[in-house]
Amino acid sequence: MPGLRRTGGRPAPQAFGRVTVPPSIFRTIAFCCLVSVGAVVPAAAADGVAEPDGYREEAYRAPVPESLAGGTVVSNEVAYQLWENGGTAFIDVLPRAPKPKNLPTGTLWRDKPRHSIPGSLWLPNVGYGRIADVTADYFRRGLEKATEGDKTHPVLFFCLDECWMSWNAAKRALEYGYQSVYWYPEGTDGWGFEDYPLVEVQPEPEPAG
């Protein structure tokens with residue numbers, strides 16, 4: 001079914017940790033109307049950015065494809081309906097900056113707060129093009145927790161607008177065998193732009209080293 005996503009006219013993406021504002025088109029479209037014309041975008045060849053054969057390994061804040069082979073791309077409105085209806089695990093993959101080493105004595109380090117979609121599970125740093133085995137294990141465990149070990153359970157991945165991290169993470173989940181994978185390209189930028197709720201979240205704890 002042909003899909004509908006806001007494209008074109010996006011502002012230049014900012015570095016991670018700074019807010020970008022999505023374009024002000026298609027702000028209010030009823031979900032029933034979206035479904036009737038196809039709000040879900042199938043994985044198909046993009047007119048703009050092509051899907052790479054593997055994972056994106058650089059310039060993670062940049063224009064993204066319109067598709068994800070094997071997965072389903074969703075708009076702001078459809079993501080909201082999936083969230084409101086329940087039954088879909090939402091996975092936030094925004095990376096988190098590590099605490100710098102060798103900080104001067106007495107320096108107080110505070111992680112930047114992350115405001116995300118309520119009920120989502122934040123798994124930082126799993127969307128890089130190459131991840132260490134320990135990070136891959138962390139990702140797998142997080143997915144198992146979010147889906148209760150059921151690889152047929154729908155799962156949706158997001159980050160920020162024009163964020164390759166979420167594309168990589170969704171692709172990786174498909175390779176792990178998850179069968180119902182959604183990719184939400186506009187992420188919390190698009191979600192917040194629509195005035196949908198956001199709450200401060202904490203990352204899923206990593207195993208003790």
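## Salt bridges, ring pairs and a buried helix

R114 forms a salt bridge with D92, the closest N and O atoms being 2.8 Å apart, in what is a predicted model. This pair links distant parts of the chain, since R114 belongs to strand β4 (residues 114-116) and D92 to strand β3 (residues 89-92), 22 residues apart. Buried means under 20% relative accessible area; R114, with a value of 6%, is therefore buried, and D92 is buried as well, with a value of 0%.

The structure holds three salt bridges. Another of them joins the side chains of K145 and E204, with a distance of 3.1 Å from N to O. Because K145 lies in helix α3 and E204 in the segment after β8, this pair ties together parts that are 59 residues apart in sequence. K145 counts as exposed at 51% relative accessibility, whereas E204, with a relative accessible area of 19%, is buried. There is also the bridge between E57 and R130, whose closest N and O atoms are 3.1 Å apart. Here E57 sits in the loop between β1 (40-42) and β2 (72-74), and R130 in the loop between β5 (121-122) and α3, so that the pair links distant parts of the chain, 73 residues apart. E57 is partly exposed, with a relative accessible area of 42%, and R130 counts as exposed at 69%.

The rings of Y80 and Y196 are stacked, because their centres are 4.2 Å apart and their planes stand at 25°. Y80 lies in helix α2 (residues 76-85) and Y196 in the loop between α5 (187-193) and β8 (199-201), so this pair ties together parts that are 116 residues apart in sequence. Both Y80 and Y196 are buried. The rings of F139 and F157, by contrast, form an edge-to-face pair, because their centres are 6.1 Å apart and their planes stand at 70°. With F139 in helix α3 and F157 in strand β6, the pair ties together parts that are 18 residues apart in sequence; F139 counts as buried at 0% relative accessibility, and F157 is buried with a relative accessible area of 0%. Ring pairs also link Y80, W83, F90, F158, Y184, W191 and Y196 into a cluster.

Helix α4 (residues 164-175) has 12 residues and reaches 16 Å from its first C-alpha to its last, close to the 16 Å expected at 1.5 Å a residue. This helix is mostly covered, with 10 of its 12 residues buried, among them W164, W167 and R172. The buried residues of α4 pack against α3 (133-147), β6 (155-158) and β7 (181-184). Just after α4, G177 takes a positive phi of about 105°.

The cysteines remain to be considered. C159 is buried, with a relative accessible area of 0%, and C163 counts as buried at 0% relative accessibility. A disulfide is a pair of cysteine sulfur atoms within 2.5 Å, and by this rule the count comes to zero disulfides.

Notes
Residues are numbered from 1 along each chain as its sequence is written. This is a predicted model: local features need pLDDT of at least 70, side-chain atom pairs count only at pLDDT 80 or more; totals for chains, interfaces and linings use all residues. Side-chain values use heavy atoms; hydrogens and water are left out. Helices (H or I, at least four residues) and strands (E, at least two) are DSSP runs, numbered from the N terminus. The expected span of a helix is 1.5 Å times one less than its number of residues. Buried means under 20% relative accessible area, exposed over 50%, partly exposed in between (1.4 Å probe, protein chains only). Contact means heavy atoms within 4.5 Å. Rings of Phe, Tyr and Trp (its six-membered ring) pair if their centres lie within 6.5 Å; planes under 30 degrees apart count as stacked, over 60 as edge-to-face and the rest as tilted. A salt bridge is a side-chain nitrogen of Lys or Arg within 4 Å of a carboxyl oxygen of Asp or Glu.
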